[in-house]
Each structure stands twice: as structure tokens, then as C-alpha cells.
Amino acid sequence: MDTQPAPTVASQPDEITREVVDLMANLVGLFHREYEEAAAARSLTGAQAKVLALLRRGPMPMRHIAQTLSCEPSNITGIVDRLESRGFVTREADRQDRRVKLVAATETGAAASEELRESLNFAREPLAALGPEERTVLRDLLRRMLAGASGPGA
């Protein structure tokens, strides 16, 4: 793995940096559009689908879900209420702190999340243009970029 320090980007980005940012914005836009469509096809909102995707990591406190999705805890309560009413999630007391409620995906919720994930062609199509070594380099570069970022998901 490359251990060189990350170069600093000047206050005035160069042309390549601007183009990379534009390309990344286009990719993010494509991803969000397809993700929202895939969620809607399963009668889920994008936010509900994102909560289910997060829960693939395992049960987590509602506060952590809110922080990760950069939204208000009260919004997560409503999202979790709707997912719970459909049998996609359960709430359980944290064994270490019974005041904390953990949200966990049910088998139905995990299956819905996996089905949605498998239906996304967005990533497969553009990545198919890259060979295995190129995908590995891209993955490593993205990890390095995220490691240097601050905030949720970093």
C-alpha cells in the first residue's frame, strides 16, 4: 500500500481536480437516482432503504443511525416506525444500557435490503469497464480519500 502523504489541494483547484469533482458528482447523481427508483419499486423511501442498508452491519442505536445519515433523530424515529410496522425491523433494549434502543433488521428486512442491493445495476455497469486491477486501485484510492475526510461514513 502507498504510504506517501496525501498531496494537498491548492485553494484554487487545478483543471484535473475540477474535472474529477464533476465526474464524481455525476456518478453520485446516477447512484442516487437508481437507488431511489429501486427503493420505490419495493415500496420503500430512499431513507428507509438507507436505514435497512446500514443495519446490514448489525443492530445499532437510533442516534447512531441519525448521525450516519446526517439527519435529526426524530426523523429516524418516524422511518423506523414505518419499517417496524412492515415487519422489516425490531427495536430492542441494549444489553449494556437498557435506556438505549437498538434497531435490528428482521429476516424480512435483511432480505428486502439484499434484494434492493442486488437490483442496482449502477455500479456494475461502469465498473465492468475496468479490469480487476483497476477496480482494486480505484477501491484503494476511494478508501484513502474517505480516510482523509471527516464526518459520517468516513
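Predicted model: local features only at pLDDT ≥ 70, side-chain atom pairs only at ≥ 80, totals over all residues.

Reader: OK. At what angle do α1 and α2 pack?

Author: Helix α1, residues 15–41, and helix α2, residues 46–54, pack at an angle of about 95 degrees. Their axes are 8 Å apart. The two helices are therefore roughly perpendicular to each other.

Reader: Which residues of α1 and α2 meet?

Author: From α1 there are His32, Tyr35, Glu36 and Ala39, and from α2 there are Gly46, Ala49, Lys50 and Ala53. By class, the residues of this contact are 4 nonpolar, 2 polar and 2 charged.

Reader: And how does α2 pack with α4?

Author: Helix α4 covers residues 73–85, and α2 packs with α4 at an angle of about 80 degrees, with axes 10 Å apart. α2 and α4 are therefore roughly perpendicular to each other too. On the α2 side the contact has Ala47, Gln48, Val51 and Leu52, which meet Ile76, Ile79, Arg82 and Leu83 in α4. The contact of α2 with α4 divides into 6 nonpolar, 1 polar and 1 charged residues.

Reader: Which residues of α2 are buried?

Author: Gly46, Gln48, Ala49, Val51, Leu52 and Leu54. What covers these buried residues includes α1, α3, α4 and α5, along with the strands β1 and β2.

Reader: Let me step back. How many helices and strands are there?

Author: The protein has 7 helices and 3 strands. Along the sequence the pattern reads α-α-β-α-α-β-β-α-α-α.

Reader: In what order do the strands sit in the sheet?

Author: The order is β1-β3-β2, in an open sheet with antiparallel pairing. β1 and β2 stand at the edges with a single partner strand each, so one side of each has no neighbour in the sheet.

Reader: How many bridges are there between β1 and β3?

Author: β1 pairs with β3, residues 101–105, over 2 bridges. Met60 stands opposite Val103 in β3.

Reader: And over how many bridges do β2 and β3 pair?

Author: Over 5 bridges, in the antiparallel sense. For Val89, the bridge partner in β3 is Ala105.

Reader: What else does Val89 touch?

Author: Leaving aside neighbours within four places in sequence, the contacts of Val89 include Leu52, Leu55, Val80, Leu83 and Glu84. Val89 is also in contact with Val103, Ala104, Ala105 and Thr106.

Reader: Now the core. Which residues touch the most other members of the largest nonpolar core?

Author: That core has 23 residues, and Leu44, Ile65, Ile76, Leu83, Val89 and Leu116 touch the most other members.

Reader: Take Ile65. Where is Ile65, and is Ile65 buried or exposed?

Author: Ile65 is in helix α3, residues 62–68. Its relative accessibility is 0%, so Ile65 counts as buried.

Reader: What does Ile65 touch?

Author: Not counting residues up to four places away in sequence, Ile65 touches Val51, Leu54, Leu55, Met60, Ile76 and Val103. Take Val103: Ile65 and Val103 are 38 residues apart along the chain, and their C-alpha atoms are separated by 8.9 Å.

Reader: Back to α1. Is Ala38 buried or exposed?

Author: Ala38 is found in helix α1. At 8% relative accessibility it counts as buried, because the cut-off for buried is under 20%.

Reader: What is Ala38 in contact with?

Author: Beyond its neighbours within four places in sequence, Ala38 is in contact with Leu116, Ser119 and Leu120. Ala38 and Glu118 are 80 residues apart in sequence, and 9.9 Å apart in space from C-alpha to C-alpha.

Reader: Last thing, the whole chain. What percentage of the residues count as buried?

Author: Of the 154 residues, 23% count as buried. Among contacts with a separation of 6 or more, 49% are between residues 24 or more positions apart.

Technical notes: Residues numbered from 1 in each chain as written. Heavy atoms only, no water. Axes fitted to C-alpha atoms, helices over the stretch in contact; angles between N-to-C directions. Helix = DSSP H or I, 4+ residues; strand = E, 2+ residues; numbered from the N terminus. Parallel < 35°, antiparallel > 145°, perpendicular 65-115°, else oblique. Contact = heavy atoms within 4.5 Å. Nonpolar A, V, L, I, M, F, W, Y, C, P; charged D, E, K, R; others polar. Buried < 20%, exposed > 50% of the residue type's maximum accessible area, 1.4 Å probe, protein only. Core = buried A, V, L, I, M, F, W, Y, C linked by side-chain atoms within 4.5 Å. Pairing = 2+ DSSP bridges.
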